[in-house]
Amino acid sequence: MTSPTPLKGIRVVEFTHMVMGPTVGMTLADLGAEVVKVEPAPEGDTTRRLTGSGTGFYAAFGRGRRSLAVNMKTPEGMALVQRLVARADVLVENFRPGAMAKLGLGYAELSEKHPRLVYCSCKGFLPGPYEHRTALDEVVQMMGGLAYMTGLEGRPLRAGSSVIDIMGGLSAVIGILAALRERESTGRGGEVQAGLFETVALLMAQHMAQTRITGTAPRPMSVRLPAWPVYDIFDTGDGGQVFVGVVTDTQWPAFCNAFGLHDLAEDATLATKQQRVEARERTIPRIAAVLKRWTKPDLMAKCEALGLPFAPIGKPADLFEDPHLNGSGGLVAMTLPDGREIALPALPVSLDGARPGGAGDLRPPGADGADVAAELGYSAAEIAAMQEKGVITG
């Protein structure tokens, strides 16, 4: 099935690194936009060379671009970049505040020259008292309450993914698409900004609302008062673990009878959801003891047959072999710059039954420099001269 390309014809110039900005470029590329990533010559984006927990950043969010590695400190390099921006529909950047303006590539200057340009800045904080602070995913998770809600009491813990960078990037894409739609009516582009701190705030909205409604601040999720009668991780007889939820009045008797807990199903003091929530200290040990008699595969099969929410406790590496992802187009096959093949998650949407993605392999630094320059009107001699002087690579 052909990947859907609703953004075909949209040209994007990307000045990004790390995760938040690259998430924007990846998403637009997966949806069919032509994305040129501008990288420093000759080695390219430093994200390519991260180690430790950053090893996967570039592979995860770098697909689908053409690479232009250029020395923007030279007049020739800056002239090439300016020519590239002049034909773009969208510019995406996620550098520190003021960095793009110092290069002559800030919103104020470019919007005057190119009024149809949609200019997207991915920042730590939207305009306000904090806007000049340096932010990282961890920084905003700590200050915005996500780390508090994730860890144990007194032991804040960052979430186990760059969740704010990724969600912030997706929020930026929403803003870009809205600005492109507005441009159809007005003929003018505009400035889109997305903030990491504001992204955390949105994720904390449910807990903020709970605080105001109840008058009590919620405890961390690890020690929360559950809202559901059964919403727990259970050990299985073969050493596995399965999360099981029993959250409705119709699920409760079906669950109890299926697992031989007939007395609980008939107990009048457990007739309502709230009664069962309040009785968890009595019911959960009984349920845990019964479920531990089952193997992990058999317990999951039983829960699926009953229509219960359930999940094995998986690890990231398990997703490579996940039958649903592999059977639904949920993994995008790519080739790394060193020739190794890999498959990583597609965008979590389908369009008319097809999954967007597979927009291209990870390109080596500057791999498309000569082609991009030629498309911008440079002659073969001019391109060769720029390559010889180190203005561009590739």
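Q: What makes Arg83 count as lying over the face of Tyr378?
A: Arg83 is 4.1 Å from the ring centre of Tyr378. A charge sits over a ring if NZ of Lys or CZ of Arg is within 6 Å of the ring centre and within 35 degrees of the ring normal. The charged end of Arg133 also sits over a ring, that of Tyr130, at 4.0 Å from its centre. Keep in mind that this is a predicted model, where local features need pLDDT of at least 70, side-chain atom pairs count only at pLDDT 80 or more, and totals for chains, interfaces and linings use all residues. Residues are numbered from 1 along each chain as its sequence is written, and side-chain values use heavy atoms, with hydrogens and water left out.

Q: Why is the pair of Phe125 and Tyr130 called edge-to-face?
A: Rings of Phe, Tyr and Trp (its six-membered ring) pair if their centres lie within 6.5 Å; planes under 30 degrees apart are stacked, over 60 edge-to-face, and the rest tilted. The centres of Phe125 and Tyr130 are 5.5 Å apart and their planes are at 75°, so this pair is edge-to-face. Ring pairs also link Phe125, Tyr130 and Phe197 into a cluster.

Q: How do you know whether Phe125 is buried or exposed?
A: Buried means under 20% relative accessible area, exposed over 50%, and partly exposed in between (1.4 Å probe, protein chains only). Phe125 has 3% relative accessibility, so Phe125 counts as buried.

Q: What makes Tyr130 partly exposed?
A: Tyr130 has 32% relative accessibility, so Tyr130 falls in the partly exposed class.
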